[in-house]
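Visitor: I would like to learn how to read a structure like this one, feature by feature. Could you take me through it slowly?

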Amino acid sequence: MKKNLMSVLILALVLANLILTAILMISVVPQTKKANELISKVCSAIDLELEGGKEKASIDIPMEQVATVKIAEGENITVNLKSDDGKKSYAIVSISLALDTKNKDYKKGTEAITANEDLIKDEVIKVIAKHTIDDMRTAQKDIQDEVLKSLRKLFDSDFIVSVAFPTYTYEEASD
């Protein structure tokens, strides 16, 4: 008799455990799915931030890791600037690129730079020509960052860490 009573008691406890587990699963699973969706959204936002570095301007890297390349052997390039008041103006700049030597695309990129200097000059001219002389005087860093983004897009890589105009002159043409 005691063995039957014990078996019935164990069976009742097993059924109670099964029912409570089912209730728990029904109430927890939807909340878990919502939490997983939230975690996925946060992770994708973090990934966007990490990838955002590629679009940003110069990246902070140690100076030992930077190599510079002068475009057109440091010669000046003359660019006609956008006119906002009918006066002609132009910029005379030389271009230098800072490259990250530890970047996976560094070797291939330096070869591409030397092989495509004319395309780089054209890209720089296109960006600079969209700006006025006042833009060049007051927001040169922003324009350099715009050139950097354009070159990164051209090479589809972020081995170029900054663009510099080692020498520059901005002049308005006299009538």
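Visitor: Let me begin with one side chain: which residues does Met136 touch, leaving out those up to four places away in sequence?

Guide: This is a predicted model, and what follows is computed from it. With sequence neighbours up to four places away left out, Met136 touches Leu81, Ala91, Ile128 and His131, and also Ile143, Phe165 and Tyr170.

Visitor: Which residues of the largest nonpolar core touch the most other members?

Guide: A nonpolar core is a set of buried nonpolar residues joined through side-chain atoms within 4.5 Å. Here the largest one has 28 residues, and Met136 belongs to the group that touches the most other members, together with Ile71, Leu97, Ile113, Ile128, Ile160 and Val163. Two or more residues come from each of E2, E3, E4, H3, helix H4 (133-138), H5 and E5, and H5 gives the most, with five residues.

Visitor: How should I read helix H5 itself, and what do its buried residues pack against?

Guide: One can compare the span of a helix with the span expected at 1.5 Å a residue; H5, with 16 residues, reaches 22 Å from its first C-alpha to its last, close to the expected 22 Å. Its buried residues are Gln140, Ile143, Gln144, Asp145, Val147, Leu148, Ser150, Leu151, Arg152 and Phe155, and the buried residues of H5 pack against E4, helix H2 (106-115), H3, H4, E5 and E6.

Visitor: What happens to the backbone just after H5?

Guide: Just after H5, Asp156 takes a positive phi of about 50 degrees, although Asp156 is not a glycine. This residue lies in the loop between H5 and E5.

Visitor: Are Asp156 and Ser157 buried or exposed?

Guide: The cut-offs matter here, because buried means under 20% relative accessible area and exposed means over 50%. Asp156 has a relative accessibility of 69%, so it counts as exposed, whereas Ser157 is buried because its relative accessible area is 11%. Ser157 is found in the loop between helix H5 (140-155) and strand E5 (160-164), and, not counting residues up to four places away in sequence, Ser157 touches Asn103, Asp105 and Arg152.

Visitor: Which strands pair with E4, and in what sense?

Guide: Strand E1 (residues 66-70) pairs with E4 in the antiparallel sense over five bridges, and Lys70 has Ser96 as its bridge partner in E4. E4 and E5 also pair in the antiparallel sense, over four bridges, with Ile160 in E5 as the bridge partner of Leu99.

Visitor: In what order do the three strands of the open sheet lie?

Guide: The order is E2-E3-E6, with antiparallel pairing. Strand E2 (77-80) and strand E6 (168-172) are the edge strands, each pairing on one side only, and the twist averages 20 degrees from one strand to the next. Four bridges join E2 to strand E3 (residues 89-93), where Tyr90 of E3 is the bridge partner of Asn80. Helix H3 (residues 117-129) lies across E2 and E3, and runs at about 35 degrees to E2.

Definitions and conventions. Residues are numbered from 1 along each chain as its sequence is written. This is a predicted model: local features need pLDDT of at least 70, side-chain atom pairs count only at pLDDT 80 or more; totals for chains, interfaces and linings use all residues. Side-chain values use heavy atoms; hydrogens and water are left out. Buried means under 20% relative accessible area, exposed over 50%, partly exposed in between (1.4 Å probe, protein chains only). Contact means heavy atoms within 4.5 Å. Two strands pair if DSSP finds at least two bridges between them. Axes are lines fitted to C-alpha atoms, for helices over the stretch in contact, and angles run from 0 to 180 degrees between N-to-C directions. The expected span of a helix is 1.5 Å times one less than its number of residues.
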